[in-house]
Amino acid sequence: MSSSRTSTILTVAAVTVLSGLVAYAVYFDYKRRHDTEFRKKLRKEKKKVTKQTKQAEAESQAASLVSAAEVKATILKIQEEELPVSPDEKEAYFLMQVQVGEQMAQRGPAFYLPAAAAFFRALRVYPSPVEFIMMVQSTLPAPIFKIFMELVNAEVSAPSSEKQREGSRDEETSPTRTSYYEHFPPRRMNVTIHAGPPQGNQAAKKILVAERDFEPGEVIYKEQPVVVALDKDLEGKGTHCSYCFRAIEGGKAIHPKHDKLGSVYCSEDCRYMAELGWQNILFGLDPVLPPELDNGMSELTVEQRNKAQEPFTHHMKTKTKQANLLAARFVAKQIAHEAVKLQQNKPKALVDELRRMSDNDAYNIGDHIERLRFVEGQVSQDEVKMLAAVLGSALPGIEQSVTDERHATLVGKMAYNAIGVTPNGGRDDRPVSSDRPEDVERTRTPLGTSRQVGSGIYVISSYLAHSCDPNTAPTFPDGTNELHLVATRSIKKGDELTMAWVDVSTGADEDPGMARRRRRIELARGWRFKCECPRCLKETMDEMEKEADLGVKGDESKVEAFMRHEKLPGEGMGPD
């Protein structure tokens with residue numbers, strides 16, 4: 001009865017609206033044909049619309065006349081400018097730039113680039129970048145917003161001049177940049193980050209150092225991952241939690257309300273954290289913004305989101321490696337963290353997560369990831385377009401922040417830094433990859449990628465260098481993806497902490513020479529470097545083996561250009 005009545009009410013409402021539209025159409029046609037004053041008014045309105053259309057076309061043309069070279073030159077000029085330090089100075093700077101931008105915008109198309117540059121300067125000191133981008137999108141004329149987003153996208157790829165590399169670019173010497181490693185890792189983790197020894201003509205790596213003595217078997221720290229990806233053969237089977245990787249007993253899996261990936265969870269807490277972090281933005285249909293900001297937008301975008309998610313989900317399931325899914329989830333989580341800043345009552349779970357990462361709330365997950373090393377990421381233009389479509393359907397405008405180059409770098413960071421999760425020693429039933437040996441996806445795990453149930457990004461543990469004779473090992477004793485770093489031998493304060501990125505044991509069918517060759521090939525293929533740890537060097541000298549070319553020279557991993565001169569605790573400005 002209730003359902004029938006609801007249907008009747010909706011039908012009547014639809015008919016009423018439709019009838020009103022038909023009646024208005026009839027009235028309009030009658031007035032157009034018989035009322036002289038009405039026809040004059042129509043002609044006047046037509047001229048007005050034509051004038052506005054021509055003006056809009058002129059504005060659009062003016063925006064398109066801004067060349068890539070002008071955008072690049074503007075970025076380099078802005079990067080050389082000093083940024084304010086104190087909160088009061090930042091607020092005054094922000095308000096001044098917004099005012100300048102508004103004034104420039106009113107002066108016509110010739111001033112669109114200076115206007116966009118002013119708003120870009122304001123963005124640099126605003127604490128919530130995504131929030132500010134959303135605000136200017138709704139207030140700026142479309143041509144200015146287009147130039148503004150070109151400046152945002154160009155900043156990451158803009159090369160630094162030698163003068164900037166020497167420190168004139170204040171971004172590298174500002175309190176935020178120089179003090180980062182004073183707050184990260186948090187002191188409770190018992191470790192700090194320092195510059196490692198020089199590597200010939202290559203930049204020195206950052207390394208993780210013990211801040212106190214540890215005995216064998218002692219837990220140095222525990223770390224939660226930033227983003228995770230359950231292995232593809234387990235995702236959707238209902239056997240493991242897609243968030244924490246815990247094994248799920250038959251029939252006890254919790255399914256999200258909306259989901260295209262087939263994810264399940266072991267608890268409501270895990271479901272909530274996944275949806276809050278990335279699941280809803282990428283594969284769900286619930287509102288992304290809080291109710292006070294959503295204003296009914298989520299209801300209007302359901303169809304568009306569904307349409308964008310279908311091909312993206314299929315691509316993630318069938319065409320990509322786990323690094324690509326980790327990268328997409330990281331982008332979504334970044335957006336989620338920015339969206340949380342808009343809420344009056346911020347979800348405690350995400351606030352606590354940021355506080356676990358460093359001793360200063362000023363840093364977000366982007367600050368942590370941008371400092372990590374990377375290899376070349378494998379990502380297609382179609383994948384970037386599909387991800388942009390998914391994000392744009394959830395939050396219109398945000399898709400402009402996803403570019404081919406930026407996303408390829410992010411995928412490369414996921415591929416280089418992902419750690420394999422092996423609860424209780426891992427598993428024996430992981431399917432063998434059909435890829436060529438050099439194309440097989442690898443993660444850092446001393447038990448071998450073949451034993452993992454999934455992988456994750458651990459921002460502190462990413463600084464653990466590889467050694468074939470490591471002094472620590474990542475373990476997962478709780479049956480989840482929480483990493484416990486355990487000392488494998490006595491460690492003194494000031495010692496560098498290392499772990500094995502591959503299986504460094506000698507198999508039953510291997511002699512020491514074969515085992516060394518196998519692990520060095522894995523390291524070269526997965527992380528693009530020749531291992532020259534003490535164990536490898538000793539074994540090479542002992543056997544006097546003439547080694548074939550591994551396909552790499554030295555260490556080919558990189559850091560982003562704008563992070564190469566960041567100051568480390570107790571050090572000068574490091575090259576890497």
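In which loop is the place of Pro-185? In this predicted model, Pro-185 sits in the loop between helix 10 (180-183) and strand 1 (191-195). The peptide bond that joins Phe-184 and Pro-185 is cis. Its omega is about -5°. Most peptide bonds are trans, and most residues other than glycine have a negative phi.

Positive phi values were examined next. Phe-245 is not a glycine, yet its phi is positive, at about 75°. The residue is placed in the loop between strand 4 (228-230) and helix 11. Phe-245 has a relative accessible area of 1% and is therefore buried, the cut-off being under 20%. Asn-424, also a residue other than glycine, has a positive phi near 55°. Its loop runs between strand 5 (419-421) and strand 6 (454-456). Asn-424 has a relative accessibility of 67%, so it counts as exposed; the cut-off here is over 50%.

The overall architecture comprises 21 helices and 10 strands. The protein has 576 residues, of which 47% are buried. Contacts between residues at least 6 apart in sequence were also classed by separation. Of these, 71% join residues at least 24 apart.

Helix 5 (residues 112-125) contains 14 residues. From first C-alpha to last, helix 5 reaches 21 Å, close to the 20 Å expected at 1.5 Å a residue. Of its 14 residues, 13 are buried, so helix 5 is largely enclosed by the rest of the structure.

Helix packing was then described for helix 11. Two packed helices are described by the angle between their axes and the distance between the axes. Helix 11 (residues 268-283) packs against helix 14 (residues 302-318) at an angle of about 105°. The axes of this pair are 8 Å apart. Angles of 65 to 115 degrees count as roughly perpendicular, and helix 11 and helix 14 are therefore roughly perpendicular to each other. On the helix 11 side, the contact is made by Asn-280, Ile-281, Leu-282 and Phe-283. Helix 14 contributes Arg-305, Gln-309, Phe-312 and Thr-313. The residues of this contact divide into 4 nonpolar, 3 polar and 1 charged.

Helix 11 also packs against helix 15 (residues 322-340). The angle is about 105°, and the axes are 8 Å apart. Helix 11 and helix 15 are therefore roughly perpendicular to each other. From helix 11, the contact involves Leu-276, Gly-277, Trp-278, Gln-279, Ile-281, Leu-282 and Phe-283. From helix 15, it involves Leu-325, Ala-328, Arg-329, Ala-332, Lys-333, Ile-335 and Ala-336. By class, the residues of the contact of helix 11 with helix 15 are 10 nonpolar, 2 polar and 2 charged.

Strand 8 pairs with strand 9 (residues 483-487) in the antiparallel sense over 4 bridges. Ala-473 has Val-486 in strand 9 as its bridge partner.

Note on methods
Residues are numbered from 1 along each chain as its sequence is written. This is a predicted model: local features need pLDDT of at least 70, side-chain atom pairs count only at pLDDT 80 or more; totals for chains, interfaces and linings use all residues. Side-chain values use heavy atoms; hydrogens and water are left out. Axes are lines fitted to C-alpha atoms, for helices over the stretch in contact, and angles run from 0 to 180 degrees between N-to-C directions. Helices (H or I, at least four residues) and strands (E, at least two) are DSSP runs, numbered from the N terminus. Angles under 35 degrees count as roughly parallel, over 145 as roughly antiparallel, 65 to 115 as roughly perpendicular and the rest as oblique. Contact means heavy atoms within 4.5 Å. Ala, Val, Leu, Ile, Met, Phe, Trp, Tyr, Cys and Pro count as nonpolar, Asp, Glu, Lys and Arg as charged, and the others, Gly among them, as polar. Two strands pair if DSSP finds at least two bridges between them. Buried means under 20% relative accessible area, exposed over 50%, partly exposed in between (1.4 Å probe, protein chains only). The expected span of a helix is 1.5 Å times one less than its number of residues.
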